Protein chains: 2
Amino acid sequence: MSKVFVFGHQNPDTDATASSYAWANLEREAFGRDAEAVLLGEPNEETAFALSYFGVEAPRVVTSAKAEGVNQVVLTDHNEFQQSIEDIREVEVLGVVDHHRVANFETANPLYMRLEPVGSASSIVYRAYKETGTPIPQAIAGLLLSGLISDTLLLKSPTTHESDHKVAEELAALAGVNLEEYGLALLKAGTNLASKSAEELIDIDAKTFELSGNAVRVAQVNTVDIAEVLERQDELESAISAAIVAEGYSDFVLMITDIVNSNSEILALGNNMDKVEAAFNFKLENNHAFLPGAVSRKKQVVPQLTESFEG
Amino acid sequence: MSKVFVFGHQNPDTDATASSYAWANLEREAFGRDAEAVLLGEPNEETAFALSYFGVEAPRVVTSAKAEGVNQVVLTDHNEFQQSIEDIREVEVLGVVDHHRVANFETANPLYMRLEPVGSASSIVYRAYKETGTPIPQAIAGLLLSGLISDTLLLKSPTTHESDHKVAEELAALAGVNLEEYGLALLKAGTNLASKSAEELIDIDAKTFELSGNAVRVAQVNTVDIAEVLERQDELESAISAAIVAEGYSDFVLMITDIVNSNSEILALGNNMDKVEAAFNFKLENNHAFLPGAVSRKKQVVPQLTESFEG
């Protein structure tokens with residue numbers, strides 16, 4: 001039997017890593033497949049914290065399936081091919097476990113596909129363990145909990161599904177941690193921005209969106225102190241301007257998100273600042289402005305920018 | 001709360017009808033949605049037999065969701081937009097329950113999507129009833145059983161999944177029918193070809209495939225007597241030739257499938273008969289040839305044609 005790779009998206013975050021690690025175990029235990037979890041990039045600091053906390057060695061990083069002799073894959077926490085392994089079009093996709101929209105995805109054959117509009121891919125993986133009656137090792141429960149906490153900012157993001165609260169409680173019990181205490185420690189582990197250059201910081205979690213012919217880059221960093229990040233404004237603006245020139249972005253919108261109080265400061269540069277201001281009904285001063293209550297790029301920033309740019 | 005339409009593909013067959021009817025009931029009972037099952041075309045004779053047998057009134061036929069004031073839909077037994085409701089791109093797809101490949105499908109938002117590589121969409125709907133602990137009315141069990149029997153030719157098609165045998169047994173018990181007896185009666189109800197014109201017959205279940213720049217039409221009819229269908233060869237060839245001219249097909253391949261003995265006769269006309277012969281390693285005589293053991297277009301005809309045309 002040939003090996004199956006299970007992996008999350010490029011630039012892996014905690015949910016991508018946890019869901020793929022746990023799903024590979026489920027493939028082995030419940031479905032009898034020779035599955036291996038791999039990563040499409042090095043884990044970030046938050047993910048490294050979770051792996052270390054639960055004593056799990058990070059999966060190895062690969063960039064190609066076929067180069068490793070693997071022809072079949074399962075995707076977690078993503079489905080769009082441009083976010084996947086580089087040779088995704090040359091292998092067979094056996095399965096997808098995800099909580100995003102579907103786009104830029106197709107297969108030649110029927111497959112297993114399980115998507116739910118919930119807070120994390122980890123929530124779905126947990127449900128699959130329960131449905132198949134597969135025992136959940138403590139470390140895997142801890143990782144899945146970490147994936148859910150990370151993607152929902154401890155269940156505070158509007159992407160949180162009503163069912164996620166119970167999932168978090170059950171996983172915390174299985175993992176043997178206090179949800180609030182562990183959750184805050186995990187999120188804080190991802191806010192160690194001081195060690196990062198401005199160039200690294202604006203690329204930790206960044207996606208490009210095509211809005212009415214404009215390539216708008218929307219990046220997000222998590223912090224416990226917005227002011228501390230804004231102290232580096234000059235340096236950040238230089239990095240942003242350089243990225244705009246190098247990559248041809250029309251605009252760059254950086255969300256500096258306060259994970260404790262659930263607010264964001266927006267730092268924005270580019271050709272369409274009138275549209276950015278209209279999107280959020282605020283006025284940029286010295287290139288930045290406060291967006292109270294906003295923590296989700298997917299729900300609270302991208303749709304608003306889309307509407308404003310298309311208006 | 002606004003209404004949600006649940007429907008299978010255009011030119012609905014028994015699995016499309018059964019899965020949508022049963023899923024709409026599940027949406028109402030388990031998820032509390034105001035869901036209505038509708039059809040994208042009139043039920044065929046086999047489907048009409050199943051509906052009548054279990055005392056279910058056929059869902060109404062619609063061609064547009066928005067014209068009915070509906071903005072949200074759930075698709076069963078298909079996902080490709082060109083097989084769906086005409087205004088599919090203008091409504092929100094809340095869910096998909098299917099057992100086909102994924103192609104020509106995308107959404108703006110996260111959704112519920114459940115695909116499994118099993119014999120019928122009805123098999124998946126049945127599993128969802130069990131997982132949610134929703135009681136299955138006898139008539140719905142009967143329809144789901146009919147969908148599975150229809151798509152797998154009574155579990156004989158190579159598209160049958162190992163799990164489908166147990167699903168069929170359980171559904172037959174719930175429906176209160178003998179699997180073999182009811183199954184053969186259902187399939188025979190779809191073989192009443194005498195009442196159909198040749199033009200209707202070659203369009204009962206037909207799909208077009210793009211093979212290396214050729215538009216190859218592959219149609220299938222079920223029968224209990226291949227010879228009886230071949231008696232109409234002249235008439236069928238006239239209809240096929242007319243369709244080739246009118247629609248611009250390069251080739252037309254008609255599978256005349258014996259549902260009792262699980263064989264097919266291939267009747268083929270067009271520009272690439274050498275490729276058709278090479279695909280199946282047979283020789284057409286008087287435009288037709290026997291293909292022992294072949295009952296599945298998806299698994300036993302289209303891939304072979306694809307390889308031959310691309311070779």
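1. Lys207(A) stands opposite Val218(A) in β7(A). The strands β6(A) and β7 (residues 214–223) of chain A run antiparallel and are joined by six bridges; two strands pair if DSSP finds at least two bridges between them. Strands are DSSP runs of E of at least two residues, helices runs of H or I of at least four, numbered from the N terminus.

2. This is a predicted model, in which local features need pLDDT of at least 70 and side-chain atom pairs count only at pLDDT 80 or more, while totals for chains, interfaces and linings use all residues. Residues are numbered from 1 along each chain as its sequence is written, chains are lettered from A and ligands numbered from 1 in the order in which they are written, and side-chain values use heavy atoms, without hydrogens and water.

3. The order β6-β7-β8-β9-β10 (chain A) describes an open sheet of five strands with mixed pairing. β6 (206–211) and β10 (288–291) of chain A each have a single partner strand, so one side of each lacks a neighbour in the sheet.

4. The UniProt record (unreviewed entry) places "binding site" at Asp15(A), Asp77(A), His99(A) and Asp151(A); such annotations may be inferred rather than shown by experiment, feature names are shortened, and positions follow the numbering used here. These residues spread over 137 residues of sequence but cluster in space, with a largest C-alpha distance of 10.7 Å.

5. Asp15(A) lies in helix α1 (residues 14–31) of chain A. Asp15(A) counts as buried at 0% relative accessibility (buried: under 20% relative accessible area, exposed: over 50%, partly exposed in between; 1.4 Å probe, protein chains only).
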